[in-house]
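I opened this notebook to record what I looked up in one structure. The entries follow the order in which I consulted it.

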Amino acid sequence: MEGKSLRWILLTAIAPIAWGSTYFVTRQFLPVDAPLWGALFRALPAGLILLLISRRLPHGAWWWRAAVLGILNVGGFFVLVYIAGQRLPSSVAATVMSASAAAMMLLAWMLRRQRPRVLAAVGAGVGLVGVALLVGIGGEPVDGWGLVAAFAGMISSSLGFVLTGRWGNEIPGLTMASWQLTMGGLMLLPVALIVDGPPPALTPTSLVGFAYLSLVSTALAFTVWFAGLRRLPAATVGLVGLLNPVTGVALGVLIAGEAFGLAQITGLVLVLTGIVLGAVVPRRRGAVAVEHPPIPARTSVHGVDVDAA
């Protein structure tokens, strides 16, 4: 593997590692009863910082596209992740999110008529069995509403990433992140005021937690993720995504002392195996290896080819 590709893999890996830590940070350091404000405190500061750096506003159709993606990837998704992080063990929440591989394949098939590869479909099925084992057998009791929030957040972000790949392959990662985070945060503001009431009082601990989520798990993570999607082939992106559930499980078990028995270990192994299968791209006879996909207007996410236009 050439040095340039390796650098992009390491940069892209920041995103799933940071996202995997989100559940632990939310559960341990943030206030419980303010999911809308929690999502806003995470999204809007990050979006405004990136917008100041990029100095580029949406144009034309990107005003409504940024609004749609801001709801799917930020506004709605962050609220659901906040709820899931408060109600579920970190290992469970992170691994439920890993089922996005199957969701993205189905959504890309329905929206773009792109039939998934056999190995990718098999991998998604294996991963879903693993998720069922992880959340349904043994360990500590799983909160039902937390599970609903995690699955809903997974579907929301999966649809958002499919549409991001369809619409925005020509937009730099930092700019794409700034538009979505700012739009999502602004749309959350009136809803948070109406539903949650005044913003919650923040302690030094919660301030540190929100600073980490906003700067690392959001501004940095979204920027490198969108940039990586434009530069890395499908197999590599799928493999890098393994770090999300692995990080969530590791933090939950090693630091928070969450229960993790034989059934959960089996489930996690199946999830990781499924994502690896989904990331394998068969080499065609006579194909020449290249560093990046030969057609810039086409990208791939979790083993699903997604058109940019």
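This is a predicted model: local features need pLDDT of at least 70, side-chain atom pairs count only at pLDDT 80 or more; totals for chains, interfaces and linings use all residues.

Entry 1. On the α3 side I listed N73, F78 and Y82 as the contact residues, and on the α9 side F210, T218, F222 and F226. Sorted by class, the contact of α3 with α9 holds 5 nonpolar residues, 2 polar ones and no charged ones.

Entry 2. I then looked up the geometry of this pair. The axes of α3 (residues 62-87) and α9 (residues 204-231) come within 14 Å, and they cross at roughly 130 degrees.

Entry 3. I recorded the crossing of α3 and α7 as left-handed. The contact of α3 with α7 comprises 18 nonpolar, 7 polar and 2 charged residues.

Entry 4. I examined F78 separately. Setting aside neighbours within four places in sequence, I found F78 in contact with A39, R42, A43, N73, L181, T218 and F222. I next asked which members of the largest nonpolar core touch the most other members. Among its 66 residues, these are W19, W62, F78, M97, L181, W225 and F226. Helix α3 gives the most to this core, with 12 residues. For context, nonpolar side chains in soluble globular proteins tend to be buried together.

Entry 5. I checked A66, which lies in helix α3. Its relative accessibility is 1%, so A66 counts as buried. Not counting residues up to four places away in sequence, A66 touches W179, Q180 and M183. I also recorded the pair A66 and G184: they are 118 residues apart in sequence, yet their C-alpha atoms are 8.4 Å apart in space.

Entry 6. I asked how many residues of helix α4 (residues 90-97) are buried. The count is 8 of the 8, so α4 is largely enclosed by the rest of the structure. The buried residues of α4 are S90, S91, V92, A93, A94, T95, V96 and M97.

Entry 7. I looked up R55, in the loop between α2 (35-54) and α3. With a relative accessible area of 76%, R55 is exposed. Its phi is near 55 degrees, a positive value in a residue other than glycine. Most residues other than glycine have a negative phi.

Entry 8. Last, I recorded values for the chain as a whole. Of the 309 residues, 52% count as buried. Among contacts between residues at least 6 apart in sequence, 91% join residues at least 24 apart.

Key: Residues are numbered from 1 along each chain as its sequence is written. Side-chain values use heavy atoms; hydrogens and water are left out. Axes are lines fitted to C-alpha atoms, for helices over the stretch in contact, and angles run from 0 to 180 degrees between N-to-C directions. Helices (H or I, at least four residues) and strands (E, at least two) are DSSP runs, numbered from the N terminus. Contact means heavy atoms within 4.5 Å. Ala, Val, Leu, Ile, Met, Phe, Trp, Tyr, Cys and Pro count as nonpolar, Asp, Glu, Lys and Arg as charged, and the others, Gly among them, as polar. A nonpolar core is a set of buried Ala, Val, Leu, Ile, Met, Phe, Trp, Tyr and Cys residues joined through side-chain atoms within 4.5 Å. Buried means under 20% relative accessible area, exposed over 50%, partly exposed in between (1.4 Å probe, protein chains only). A crossing is left-handed if the near helix is turned anticlockwise from the far one by less than a right angle, and right-handed if clockwise.
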